[in-house]
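Here's a quick walk through a two-chain model, starting with the fold of one chain and ending where the two meet. Have a look at it first.

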Amino acid sequence: MFKVPSAPGGAAILSFGEYQPSQVVTNADLEARVDTTDEWIQSRVGIRERRIAGPEDTVASMAVAAGGKALAASGLSPEDIDLVIVATCTVQDQIPNTAATVATRLGIVAPGAFDLNAACAGFVYALGLASDSVRVGSARNVLVIGSEKLSDWVDWEDRSTCVIFADGAGAAVVSASEDHGIGPVVWGSSGDRADKIYLREGKYLYQEGQAVFRWTTTELYKVALEALERAGVEPSELTAFVPHQANLRIVESIARKLGAPQALVARDIVTAGNTSSASVPLALSRMIERGELPSGSTVLTLGFGAGLVYAAQVIRIP
Amino acid sequence: MALSEQEILAGLGEIVEEIVGTEPSDVTPEKSFVDDLDIDSLSMVEIAVAAQDKFGVEIPDDQLKDLKTVQDVINFIQK
């Protein structure tokens, strides 16, 4: 038998933070670039405008910006953080990892630091790991970040994808808590459908739109409902549903199947585009800023993407 | 128990009304989903899923693109 740390038992989110590049790209801008229309984009994917990184924005720099805001809002000092997880699937340089650099730039000294690739579900996976790490005593305070620069992996001549993807970052600080402010994560994958979303020619994001639409709109509400059940939360108790902002029609279709008509549904995609693993914390952060999610409210998150992979969990808003 | 063409047509009319709000009486065999009924590729997936629930016949994505008219879908379901 080995010694193990005495664990606090509970974990909760202390704060959120976000970063979006300053460059706004509207549908009219895209009309000038590829054969598409504002009407087509809005009716198919629900996006009006998105943010695209400038030359100064990298996965690491956006992670630092969002992580720094979450850290400042948490009331903790950098030295209190002992684990940094960066969820990303779009970083250009795989070596060295991004998390260690981000930690150093934020003045966090020698934390555990790793990157996590669960595609667009990355933040929800990372939040599950952060919560479990705190609950068993592997970490005291965890900085969890989703940061994506999808514009590096988009074929700007391909009208089926360039209208969807965007850039940004979102972050949260997870800490020990007397009670449980983060429900059990429900996660899974379907590698037999790895060919539904992939990098064409190793460099351009490609997805089979109909297959992805069918998968997300017929199967994923079950994952979301399981996360509610495992946390002991009724659909009627939800303040909001914040799924990955893949496509507004997917978001609304899943939301309709939850049996939670009172829940506010995140529609951040309308002005932020699809930012992969950044979309859930970005949406949460912006909804909190607008006063839509009061402290203590119960929110269901759901991530899903290339793999295929998916994850859901219930969280309490700090 | 094989469904008649009329029964499938009536069922498709209900499905199309539910998904895009078109009057069921406008859903006639010769109509093209895309050109006449203004149904896009994602709504076609919703129709396929609803048709599977209603008629118990799966319409895979790779065959969906070949089903241009209401009659094509009726034929597929009857097959």
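## Fold of chain B

Helices here are DSSP runs of H or I with at least four residues, strands are runs of E with at least two, and both are numbered from the N terminus.

This is a predicted model, so local features need pLDDT of at least 70 and side-chain atom pairs pLDDT 80 or more, while totals for chains, interfaces and linings use all residues. Residues are numbered from 1 along each chain as its sequence is written, with chains lettered from A and ligands numbered from 1 in the order written.

## Size and packing

The C-alpha trace of chain B spans about 30 × 30 × 20 Å along its principal axes.

B:Ser41 sits in helix α2 (residues 41-55) of chain B. An unreviewed UniProt entry annotates B:Ser41 as "modified residue: O-(pantetheine 4'-phosphoryl)serine"; such annotations may be inferred rather than shown by experiment, and positions follow the numbering used here, with feature names shortened.

Leaving out residues up to four places away in sequence, B:Ser41 touches A:Gly209 and A:Gln210 (contact means C-beta atoms, placed from the backbone, within 7 Å). Overall, eight residues of chain A are in contact with seven of chain B. Helix α6 (residues 209-231) gives the most to chain A's side, with six residues.

Definitions and conventions: Contact = placed C-beta atoms within 7 Å.
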